[in-house]
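Please have the sequence and the model open side by side. The text below goes through a few features in turn.

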Amino acid sequence: MGNLMLKDLFLNRYSILLSFVVFALTLANGFNTVYCFFFTLLFLIGTFTQYDGFNKVDLLLNALPYSRKQIVSSQYIGVLVCITSMLIVLSGALYVINLLFDQSFSLLSLKSIGLLYAVALLDAAFFVPISYIIPPKYALISFGIFGLLTGIIIVPAMRFYENYVLKLIADYGYNLYYISGGIAILLFLLSWSFTIQIYKRKDV
């Protein structure tokens with residue numbers, strides 16, 4: 001399992017590096033820090049989950065002594081590692097930039113980190129099964145459409161968040177975070193189990 005995770009991280013090293021570029025570009029264009037993290041995580045998850053299919057890595061993996069459950073699980077765990085690492089590294093980088101260069105980029109609060117983590121889990125719960133269901137060439141199209149729709153609805157969605165969600169948070173406090181986080185984790189685990197069953201029945 002550890003070797004499979006290292007494989008995912010190694011093969012996706014360019015996607016991880018490009019994620020830093022996405023973050024820097026969105027930050028340089030004046031986007032709110034939360035939006036910068038959102039776009040970066042969306043890009044990272046979308047590219048991370050598509051690599052194996054595009055490069056037919058699954059053909060090689062199925063010739064090795066790994067079960068299909070292990071192959072799928074390593075990808076889900078790899079996504080978790082990448083999400084966590086990206087949030088930690090980029091948050092630390094923002095802090096250092098503010099400290100050394102006297103910048104005023106807003107740092108993420110623990111609430112924002114929790115919200116971003118929940119959204120990232122939901123993105124992964126969607127993209128990972130898609131990469132096993134849809135052929136790679138169509139999966140890229142679906143990712144592009146999803147990204148386009150995200151770009152279209154992001155402004156009204158953020159207005160809704162600022163006008164209504166924050167009010168709900170003020171009314172219900174941390175209970176809303178616990179409920180949202182629980183739902184995101186549950187959907188992520190259901191997606192994990194669902195994808196294992198899909199891949200077990202898939203002809204490679």
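What follows covers aromatic pairs, cysteines and a surface patch.

The model is predicted. The structure holds six aromatic pairs. One of them joins F23 and F37, whose ring centres lie 5.0 Å apart with 70° between the planes; this arrangement is edge-to-face. F23 sits in helix α2 (residues 13-28) and F37 in helix α3 (residues 33-48), so the contact ties together parts that are 14 residues apart in sequence. F23 is buried, at a relative accessible area of 6%, and F37 is buried too, at 1%.

A further pair is made by Y76 and W192, which are stacked: 5.4 Å separates the centres and 5° the planes. This pair links distant parts of the chain, with Y76 in helix α6 and W192 in helix α9 (residues 174-200), 116 residues apart. Both Y76 and W192 are buried. Ring pairs also bring in F188, giving a cluster of Y76, F188 and W192.

Turning to cysteines, C36 is buried with a relative accessible area of 0%, and C82 is buried with 6%. With a disulfide taken as two cysteine sulfur atoms within 2.5 Å, the count is zero.

The surface is the last topic. Y95, V96, L99, L100, F101 and L107 make up a nonpolar patch there, and together they have about 660 Å² of accessible area. L100 is exposed, with a relative accessible area of 60%.

Conventions:
Residues are numbered from 1 along each chain as its sequence is written. This is a predicted model: local features need pLDDT of at least 70, side-chain atom pairs count only at pLDDT 80 or more; totals for chains, interfaces and linings use all residues. Side-chain values use heavy atoms; hydrogens and water are left out. Patches are made of residues with over 30% relative accessible area and no salt bridge: like charges are joined within 9 Å, nonpolar side chains (Val, Leu, Ile, Met, Phe, Trp, Tyr) within 5 Å. Accessible areas come from the Shrake-Rupley method with a 1.4 Å probe; for residues, only the protein chains shown count as cover. A salt bridge is a side-chain nitrogen of Lys or Arg within 4 Å of a carboxyl oxygen of Asp or Glu. Buried means under 20% relative accessible area, exposed over 50%, partly exposed in between (1.4 Å probe, protein chains only). Rings of Phe, Tyr and Trp (its six-membered ring) pair if their centres lie within 6.5 Å; planes under 30 degrees apart count as stacked, over 60 as edge-to-face and the rest as tilted. Helices (H or I, at least four residues) and strands (E, at least two) are DSSP runs, numbered from the N terminus.
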